[in-house]
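User: I would like to learn how to read salt bridges and nonpolar cores in a model. Could we work through one example?

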Amino acid sequence: MHLLSRTAILFFRPSMATSPISTPSMAHLVENVKPKLRGVVFDMDGTLTVPVIDFGAMYREVLGNEYESIRSRSRGTSIDILHHIETWEPEKQQKAYEVITEFERRGLKQLEIMPGAMELCEFLDDKKIRRGLVTRNVKESVDLFHIRFGMKFIPALSREFRPYKPDPAPLLHICSEWNIPPNEVIMVGDSLRDDVGCGKGAGAFTCLLDEQGKYDSPESFAEIQPDFKVSSLRDLHPILEENFELISDS
């Protein structure tokens, strides 16, 4: 492990994903040839925007008496509420979606850009690197994000696109739209399961944003490991310049 700064960590090693092109090959490591990077795909909540949704309260309201048992079975990992309610009857499922949507709408009133996000996007625009977005939030939230902060991510996929993260389908869809192979793209997000899992499954590079040190323990990466871990988006800019050959979209 190479320490880039006090807040940025590089785990540059062959990928733990099934795809052989998901991270630099051994040839890259031996020959010190920088892999190409043509696009960056971001998560939204907790990555491009400051997290404001009280997920604990939302899970309790949706799951009711099931909450504690499901929480204990999750063994410290976050509850995948969307996948869980897909197994419910349509009427119960609809009520759950209404609760989730209401929590998300409350969050829109407090929508705040993540520190470093504007500067990072300006850097990517200057280098003519494509940027896209994949979120499990609704399209209404994505549209408001674009309007409020004047930032445009194309494509921007919300949870109306199925299947959603951690399935690699949305990231692969963006790569297809861009006509760029996944191994020339990096997925950036704050969820090890959803964002890093999505990126690894697609065969892309991955960067985990860990502002609170949630994943500081080595045990955190027992099953999946990102290529990079940062505590601020401000740390991503130098990582991209140092470790990749940035290819502009001409």
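User: Which residue does the side chain of Lys127 meet in a salt bridge?

Analyst: This is a predicted model. The general idea is to look for a Lys or Arg side-chain nitrogen within 4 Å of an Asp or Glu carboxyl oxygen. Here the side chain of Lys127 meets that of Glu241, with 3.8 Å from N to O. The pair links distant parts of the chain, 114 residues apart: Lys127 is in the loop between helix H6 (117–126) and strand E5 (130–134), and Glu241 is in helix H10 (residues 236–243).

User: Are Lys127 and Glu241 buried, partly exposed or exposed?

Analyst: Partly exposed covers the range between the buried limit of 20% and the exposed limit of 50%. Lys127 has 31% relative accessibility, so Lys127 counts as partly exposed. Glu241, at 38%, also falls in the partly exposed class.

User: How many salt bridges does a search of the whole structure find?

Analyst: The search gives 18. One of them joins the side chains of Glu104 and Arg159 at 2.6 Å, N to O. Glu104 sits in helix H5 (residues 90–108) and Arg159 in the loop between strand E6 (156–157) and helix H8 (169–178), so this pair ties together parts 55 residues apart in sequence. Both Glu104 and Arg159 are buried.

User: What does the side chain of Asp227 pair with, and what does the pair tie together?

Analyst: Asp227 forms a salt bridge with Lys200, at 3.4 Å from N to O. Asp227 is in the loop between strand E8 (205–209) and strand E9 (228–230), and Lys200 is in helix H9 (residues 192–202), so the bridge ties together parts that are 27 residues apart in sequence. Asp227 has a relative accessible area of 2% and is buried; Lys200 is buried too, at 5%.

User: Now the nonpolar cores. Which residues of the largest one touch the most other members?

Analyst: They are Val40, Phe145, Ile186 and Leu240, in a core of 34 residues. The elements that each supply at least two residues include strand E4 (39–42), helix H7 (139–149), strand E7 (185–189) and H10. H6 gives the most, with five residues.

User: What is Val40 in contact with, leaving aside its neighbours within four places in sequence?

Analyst: Its contacts include Leu124, Ile129, Trp178, Ile186, Val188 and Leu240, and also Arg130, Arg131 and Gly132. Apart from this core lies another, of 17 residues, among them Leu63, Tyr67, Trp88 and Tyr164.

Key: Residues numbered from 1 in each chain as written. Predicted model: local features only at pLDDT ≥ 70, side-chain atom pairs only at ≥ 80, totals over all residues. Heavy atoms only, no water. Helix = DSSP H or I, 4+ residues; strand = E, 2+ residues; numbered from the N terminus. Buried < 20%, exposed > 50% of the residue type's maximum accessible area, 1.4 Å probe, protein only. Core = buried A, V, L, I, M, F, W, Y, C linked by side-chain atoms within 4.5 Å. Contact = heavy atoms within 4.5 Å.
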